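This briefing sets out the computed features of a predicted model.

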Amino acid sequence: MTADWDGCAANEYFANKANPNITDKYFYKPKIELFDNLREIDIAENNVYSEIAHLAFEKSKIFAFLSNVIENNIHVPDNINNREKYIKTYLSTVAAILNNINNGLYDFQKPKSE
């Protein structure tokens with residue numbers, strides 16, 4: 001743990017944001033474009049959290065990964081219909097997390113009072 005990064009808390013935060021069954025909530029929804037779009041947004045955000053949780057133990061590793069995400073290196077799952085929306089959501093989620101890290105907005109970045 002560094003003064004401005006609690007790796008265990010960071011890992012726990014991002015691991016808890018990831019959901020291995022993210023699409024389950026859409027099983028009984030109507031098969032319309034609105035729910036397809038929401039499902040694909042959820043999948044993109046979830047994939048970001050899943051991919052960074054194990055890196056969050058070290059600030060330098062998560063920061064390096066997020067800083068190097070570009071459109072060409074984003075894997076789009078086969079079950080995604082709107083590739084552009086998935087990539088846009090993935091990139092915006094990465095940008096939001098990077099912004100939060102840079103501005104020290106996560107609780108795991110704040111020093112613990114003893």
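Lys-59 is partly exposed, because its relative accessible area of 26% falls between the cut-offs of 20% for buried and 50% for exposed. This residue is found in helix α3.

**Surroundings of Lys-59**

- Leaving aside residues up to four places away in sequence, Lys-59 touches Asp-4, Trp-5, Ile-101 and Gln-109.
- Lys-59 and Gly-7 are 52 residues apart along the chain, and their C-alpha atoms are separated by 7.3 Å.
- Gly-7 is itself one of the buried residues of α1.

**Overall architecture**

- The protein contains four helices and zero strands, so that the order of elements from the N terminus is α-α-α-α.
- Along the principal axes, the C-alpha atoms fill a box of roughly 50 × 30 × 20 Å.
- The protein has 114 residues, of which 38% count as buried.
- When contacts between residues at least 6 apart in sequence are considered, 70% of them join residues at least 24 apart.

**Helix α1**

- Helix α1 covers residues 7-17.
- Gly-7, Ala-10, Asn-11 and Phe-14 are buried in α1. They lie on the same side of the helix, because the arc that they cover around the axis is only 100 degrees.
- Cys-8 and Asn-16, on the other side of α1, are exposed.
- The packing partners of the buried residues of α1 are α2, α3 and α4.

**The loop between α1 and α2**

- Lys-31 is located in the loop that lies between α1 and α2.
- Lys-31 is exposed, because its relative accessible area is 69% and the cut-off for exposed is over 50%.
- From Lys-31 to Lys-17 there are 14 residues in sequence, and the C-alpha to C-alpha separation in space is 26 Å.

**Helix α2**

- Helix α2 covers residues 33-52. With 20 residues at 1.5 Å each, α2 should span 28 Å, and the 29 Å between its end C-alpha atoms agrees with this.
- Among the buried residues of α2 are Phe-35, Ile-43, Ala-44, Val-48, Tyr-49 and Ile-52.
- The buried residues of α2 also include Arg-39, Glu-40 and Asp-42, together with Asn-37, Asn-46 and Asn-47.
- The cover over the buried residues of α2 includes α1, α3 and α4.

**Helix α4**

- Helix α4 runs over residues 83-102, which makes 20 residues. The distance from its first C-alpha to its last is 28 Å, close to the 28 Å expected at 1.5 Å a residue.
- The buried residues of α4 are Tyr-86, Ile-87, Thr-89, Tyr-90, Thr-93, Val-94, Ile-97, Leu-98 and Ile-101. They are on the same side of α4, because they cover an arc of only 165 degrees around the axis.
- Residues three or four places apart in an α-helix point the same way, because there are 3.6 residues a turn.
- Exposed residues on the other side of α4 are Glu-84, Lys-88 and Asn-102.
- Among the elements that cover the buried residues of α4 are α1, α2 and α3.
- Gly-104 follows α4 and has a positive phi, near 60 degrees.

**Asn-102 in α4**

- Asn-102 lies in helix α4 and is exposed, because its relative accessible area is 53% and the cut-off is over 50%.
- Asn-102 and Ala-15 are 87 residues apart in sequence, whereas their C-alpha atoms are 20 Å apart in space.

**Packing of α3 against α4**

- Two packed helices are described by the angle between their axes and the distance between the axes.
- For α3 and α4, the packing angle is about 140 degrees and the axes are 10 Å apart. The crossing of these two helices is left-handed.
- On the α3 side, the contact is made by Lys-59, Ile-62, Phe-63, Phe-65, Leu-66 and Ser-67. On the α4 side, it is made by Tyr-90, Val-94, Ile-97, Leu-98, Ile-101 and Asn-102.
- The residues of this contact divide into nine nonpolar, two polar and one charged.
- Lys-59 and Asn-102 both take part in the contact; Lys-59 is partly exposed, and Asn-102 is exposed.

Terms used: Residues are numbered from 1 along each chain as its sequence is written. This is a predicted model: local features need pLDDT of at least 70, side-chain atom pairs count only at pLDDT 80 or more; totals for chains, interfaces and linings use all residues. Side-chain values use heavy atoms; hydrogens and water are left out. The expected span of a helix is 1.5 Å times one less than its number of residues. Buried means under 20% relative accessible area, exposed over 50%, partly exposed in between (1.4 Å probe, protein chains only). The arc is that of the directions from the helix axis to the C-beta atoms. Contact means heavy atoms within 4.5 Å. Axes are lines fitted to C-alpha atoms, for helices over the stretch in contact, and angles run from 0 to 180 degrees between N-to-C directions. A crossing is left-handed if the near helix is turned anticlockwise from the far one by less than a right angle, and right-handed if clockwise. Ala, Val, Leu, Ile, Met, Phe, Trp, Tyr, Cys and Pro count as nonpolar, Asp, Glu, Lys and Arg as charged, and the others, Gly among them, as polar.
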